[in-house]
Amino acid sequence: MTSYTSDLLRLLDERGYIHQVTDAAALDALASKQIVPGYIGFDPTAPSLHVGSLVQIMLLRRLQQAGHKPIVLMGGGTGKIGDPSFKDEARRMLTLETLADNVASIKTVFERFLTFGDGPTDAVMVDNAEWLDRLEYIPFLRDVGQHFSVNRMLSFDSVKLRLDREQSLSFLEFNYMILQAYDFLELSRRAGCRLQMGGSDQWGNIVNGIELSRRMDGTEVFGVTTPLITTADGAKMGKTLAGAVWLNDDQLSAYDYWQFWRNTDDRDVGRFLRLFTDLPLDEIARLEALEGAEINEAKKALADAATAMCRGDAAAAEAAETARRTFEEGAAGDALPTHPVEGGSIAAVDAFVALGLAASKGEARRLIKGGGARVDGEKITDEAMQIAVSAPVRLSAGKKHHGLLTPAP
């Protein structure tokens, strides 16, 4: 670890958030002597963010915990284009109404993680449509466009990836990096913002904003990126067989959210506790040192803390109790029929047959079509669903017939 003097960089460093910093010494000095407003942008491409965005939300939480001011930038303007960074193809264009609905839905989750208000370190939420929608094309090209080299823009990995694969990169998408740089300039002018943070894939975009602010206003601003968060087996954070792990409770039940964290790989527990919970570092050190079956204590602590933060204490406690009952009934051997699953997953129709909850695959499909099939209390709507089984999973046929899928020993 690097030796920092500011609470901000020391906190980020200790908990594993830092991948790259522009002029770390100058940022460290600034954060030691004044409140630093810092922002992260989120594009509203869906009604909810998912766990893949959580490290960035936690980064804003850490900024506030260290005595600085978080700015949540909603991409109501840039969302009309979509960030092309490291995407294989252009994103589907969303209607203005859908974008507005998504922004309103996403806003609710931030109130769980940040304290909003009018105080010097209270979080604020702004929408870049406020300034981007008002831009006039010719003045923007003249005033801002002159500071961007197409040669340099073509050299960014996010652009080269698409070009190397001979996949179309529209002129619309190519403009995205200029608009994101302009966001930093506007926030610097409007809110005294001195820091942009983001994932490692945003490094080029952040550097563009830093250079634009220096060239147009002579303002010194900074950037911090986080490492790409992958699981121990190399998978991208937040991707599961059942789909995205959504943060909004109307998109994913608290129980499924709790189970996602409970199913963390043993090798990831310590890192995830540091990144995604507020547990003290000495307690995390104790938990990650546990071995064998005792590591499950650490996984439950992770699930409890992460779920409480995102969904509230009551939802976390209820999810933990549901999981306890499910596991203990299955472990008793006489309460529920059980079926060990090889390979980590099983087709839903096969699972219902294996547990004796359906006489045939046809009957299992009819059960699903009729709305009577559930996984951990959540209705199954897709006949082709694959059920991930890294911990006990409860299946229900109607209200009275249940079974338990368990990982094969």
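Helices (H or I, at least four residues) and strands (E, at least two) are DSSP runs, numbered from the N terminus. This is a predicted model, in which local features need pLDDT of at least 70 and side-chain atom pairs count only at pLDDT 80 or more, while totals for chains, interfaces and linings use all residues. Residues are numbered from 1 along each chain as its sequence is written, and side-chain values use heavy atoms, with hydrogens and water left out.

D23 is partly exposed, with a relative accessible area of 45%, where buried means under 20%, exposed over 50% and partly exposed in between (1.4 Å probe, protein chains only).

Next comes helix α2 (residues 24-33), in which L27, D28, L30 and A31 are buried. Seen down the axis of α2, these buried residues fall within an arc of 165°, so they line one face of the helix; the arc is that of the directions from the helix axis to the C-beta atoms. A25 and K33, on the other side of α2, are exposed. The cover over the buried residues of α2 includes α1 (7-14), β1 (20-21), β5 (195-199) and β6 (222-226).

Elsewhere, V109, R112 and F113 in α4 meet M309, C310 and R311 in α15, contact meaning heavy atoms within 4.5 Å. The residues of this contact divide into four nonpolar, no polar and two charged, where Ala, Val, Leu, Ile, Met, Phe, Trp, Tyr, Cys and Pro count as nonpolar, Asp, Glu, Lys and Arg as charged, and the others, Gly among them, as polar.
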